[in-house]
Amino acid sequence: MAGLSLKNIYKIYPGDVTAVKDFNLEIKDKEFIVLVGPSGCGKSTTLRMIAGLEEITKGELFIEDRIVNEVAPKDRDIAMVFQNYALYPHMTVYDNMAFGLKLRKTPKAEIHRRVSEAAKILDIEELLERKPKALSGGQRQRVALGRAIVREPKVFLMDEPLSNLDAKLRVLMRTEISKLHYKLQTTFIYVTHDQTEAMTMGDRIVVMKDGLIQQVDTPLNLYNSP
Ligand code: ADP
Ligand code: ADP
């Protein structure tokens, strides 16, 4: 049983900015981990190092018992959902979801199967022919999730995925993402500065401050701790 293992991870940006200090965490397979803390505490940097978008200055990152420090993002079996959806405006929803798989030369029938399945899970089957500009904020967010789902990754990374939505939709999408985790049965690592979001979504919550882990616990234990 192996999920992710982060061992003595540091990120020092040029200019001697230490963004993450001695980060140690074992993440179980299928666990929903939330990284929470104020702006600038190192959440995004941690996520980007896991994704391979940022080099690890020091320490070791294991995914499924394989050290991945030097492994390219596309070979890490990871998908990341960004805050600003980053959908291609000229492509249909279908093509937005299929694009990454096409680049990987996935056979058409397989692309079709995966896009159809993801669309069903996300309840966007009626939107496949639309362009992003003809979608609501919540629908765009679903398409962004769909693009990650079709890759069938072992690990999902989400960086403040709901922060561009209005308050009502944010609450709705919280539940949707929890359901998605249940349906996909994969590891989720979710970054937010919103404590309520963290408390309602995570199996375990990692509280960060100034690049350091302050606390790691279940929502219930955190709620009951002084
Ligand atoms: P959070 O996601 O918690 O808001 P970040 O990981 O984005 O925090 O940032 C952590 C620290 O690293 C901050 O002090 C930020 O200014 C700094 N930082 C982030 N990215 C860079 C970068 N590319 N170059 C230099 N410093 C950076
Ligand atoms: P192309 O490589 O030319 O985009 P595709 O076979 O990938 O060809 O798809 C052609 C078009 O058919 C796509 O742009 C998409 O809009 C549409 N399409 C394919 N499958 C579906 C589907 N399951 N639901 C809706 N539209 C689909």
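Because the model is predicted, local features are kept at pLDDT of at least 70 and side-chain atom pairs at pLDDT 80 or more, while totals for chains, interfaces and linings use all residues. Residues are numbered from 1 along each chain as its sequence is written, chains are lettered from A and ligands numbered from 1 in the order in which they are written, and side-chain values rest on heavy atoms, with hydrogens and water left out.

To start with ligand 1, its shell (residues with a heavy atom within 4 Å of the ligand) is made up of Y13, A19, P38, S39, G40, C41, G42, K43, S44 and T45. By class, that gives four nonpolar, five polar and one charged residues, where Ala, Val, Leu, Ile, Met, Phe, Trp, Tyr, Cys and Pro count as nonpolar, Asp, Glu, Lys and Arg as charged, and the others, Gly among them, as polar. Helix α1 (residues 43–51) gives the most to this shell, with three residues; helices here are DSSP runs of H or I with at least four residues, strands are runs of E with at least two, and both are numbered from the N terminus. A backbone N or O atom of G40 sits 2.7 Å from an oxygen atom of ligand 1, and one of C41 sits 3.1 Å from an oxygen atom of the ligand. From Y13, a polar side-chain atom lies 3.4 Å from a ligand nitrogen. On its own, ligand 1 exposes 560 Å², and the protein buries 59% of that (Shrake-Rupley areas with a 1.4 Å probe; for residues, only the protein chains shown count as cover).

Around ligand 2 come T92, Y94, D95, K102, K108, H112, S116, L128 and E129, which split into two nonpolar, three polar and four charged.

D95 is partly exposed at 27%, as is K102 at 44% (buried is under 20% relative accessible area, exposed over 50%, partly exposed in between; 1.4 Å probe, protein chains only).

The whole structure holds 15 salt bridges. One of them joins K154 to D77 at 2.8 Å. K154 belongs to the loop between α4 (137–149) and β7 (155–159) and D77 to the loop between β5 (66–67) and β6 (78–81), so the pair ties together parts 77 residues apart in sequence. E110, R113, R114, E117 and E152 are linked in a salt-bridge network.

Finally, E31 lies in the loop between β2 (17–27) and β3 (32–36) and is buried, at 6% relative accessible area. Its side chain reaches the backbone nitrogen of K28 at 2.9 Å. Beyond neighbours within four places in sequence, E31 is in contact (heavy atoms within 4.5 Å) with E26, H181, T186, T187, F188, D203 and R204.

Definitions and conventions: Salt bridge = Lys/Arg side-chain N within 4 Å of Asp/Glu carboxyl O. Polar contact = N/O pair within 3.5 Å; in protein donor to acceptor, adjacent residues only side chain to side chain.
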